[in-house]
Amino acid sequence: MKPIFNLIFLFIILLAGCATEQKEVVISGHYSGQPRERIASTATVNGVVHRYFTDHAELCAEGNFSFTRTTERPAFVSFLFYGSPSLIVEPGREYFVKLFFDPSEGFEMDGELCDIQAFYNSFNHQDPRACIYEYPFDISNYQAVNKALLADLQKEMEKIDSAYNAGMLSQDIYELIKTDRQLYYQVARTVVASSNYLRIMADNRMVPDEIFEIWEDALSAVSTDNPWFFSSLRAYDYLLYTYWHHIYTDPAFDYDEFVKIRAEKREARQVMAHTLDRAPEIISGASLEFFMAAYIADQYAIRQPHDELPGVIADFVAQYPDSDYLVFLERIKTELGKG
């Protein structure tokens with residue numbers, strides 16, 4: 001019986017090795033354009049992506065690079081260039097991409113890309129948080145912008161459904177792309193609503209109910225229970241505007257008092273902690289852990305000075321000592337130490 005047992009044991013080990021390899025994605029390619037030493041791209045953690053949860057691939061003198069990612073199902077890998085589409089990857093596959101970036105010309109991604117990637121690239125990938133939309137009217141005309149965003153969303157949903165019905169998309173890639181594009185447009189709608197809310201409040205005017213209706217409708221469109229929700233680069237943005245919607249619509253909310261408190265907290269280098277202290281009232285479970293880590297990484301990238309970061313990172317570590325996101329926050333601490 002012993003030889004048979006050993007064979008079975010060896011067979012199990014081999015199967016486990018194959019399963020592990022099938023989760024690996026190899027991405028290699030060539031970069032040209034504005035000189036740089038490294039290529040930054042998102043790293044998937046528990047199926048979750050965020051623009052500042054990243055790893056870096058070194059560029060050789062010729063501009064070539066190669067790196068791996070691990071995923072159990074189709075996922076996005078995003079190269080950190082403004083307005084660039086994400087690369088759709090599948091477990092066990094290899095990809096070769098050509099990247100070009102120049103500030104005056106923008107970003108281009110080419111290479112050995114399949115029809116699915118070309119299909120996804122054809123959609124609008126401008127950052128929906130930038131309030132820059134290709135519509136012939138100002139964002140203050142929120143009714144028209146909202147209508148245009150919904151019309152574009154509907155067109156994309158129909159294209160995605162058609163591609164799936166034609167057999168172009170697998171069930172998983174269909175769900176991945178559909179959820180991602182829903183979040184893209186719903187985030188854009190929350191940006192329209194929140195920007196107009198702040199503009200009107202700053203003018204000491206009454207905010208029309210329609211602005212809140214747009215915001216609430218957008219935030220009810222995609223559930224965090226959707227198994228593909230956190231696979232989208234827009235998941236954090238959606239939670240961020242969920243947070244601010246809750247703050248602004250709280251019956252006890254006083255805009256003038258809030259502006260005063262935020263100014264005091266900013267002066268005291270406590271504005272990040274002030275934001276995170278309220279988060280458990282609004283977000284819970286795994287979503288809260290992700291939101292807090294993503295918020296810290298986001299603030300590191302966009303806010304100066306960085307005086308607050310060591311404190312909020314320490315608080316996060318105390319609350320989530322075994323978090324998979326700590327690797328990214330530890331990297332921030334290392335960068336802060338260099339400064």
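Analyst: Happy to! Let's start with Ser 232, which counts as buried at 1% relative accessibility. Here buried means under 20% relative accessible area, exposed means over 50%, and partly exposed is in between (1.4 Å probe, protein chains only). Before going on, note that this is a predicted model: local features need pLDDT of at least 70, side-chain atom pairs count only at pLDDT 80 or more, and totals for chains, interfaces and linings use all residues. Residues are numbered from 1 along each chain as its sequence is written, and side-chain values use heavy atoms, with hydrogens and water left out.

Ser 232 sits in the loop between helix 5 (209-219) and helix 6 (235-249); helices are DSSP runs (H or I, at least four residues) numbered from the N terminus. Leaving aside residues up to four places away in sequence, Ser 232 touches Val 49, Phe 76, Asp 180 and Leu 183, where contact means heavy atoms within 4.5 Å. With Asp 180 there is also a side-chain to side-chain polar contact at 2.8 Å. That term stands for a pair of N or O atoms within 3.5 Å; within protein, one must be able to donate a hydrogen and the other to accept it, and residues adjacent in sequence count only if both atoms are side-chain atoms.

Now to charged pairs. A salt bridge is a side-chain nitrogen of Lys or Arg within 4 Å of a carboxyl oxygen of Asp or Glu, and the count by this rule is 18. One of them joins the side chains of Arg 234 and Asp 237 (3.4 Å, N to O), and both of these residues are buried. Another links Asp 203 with Arg 205 (3.5 Å, N to O); Asp 203 is partly exposed, at 45% relative accessible area, and Arg 205 is partly exposed too, at 41%.

In helix 11 (residues 326-338), Glu 330 and Lys 333 lie three residues apart, about one turn of the helix. Salt bridges with shared partners also tie Arg 51, Asp 127, Arg 129, Arg 234, Asp 237 and Asp 298 into one network.

Lastly, helix 9 (residues 285-302) is where Ile 302 is found. Ile 302 itself, however, is exposed, with a relative accessible area of 53%.

How values were computed. Helix = DSSP H or I, 4+ residues; strand = E, 2+ residues; numbered from the N terminus.
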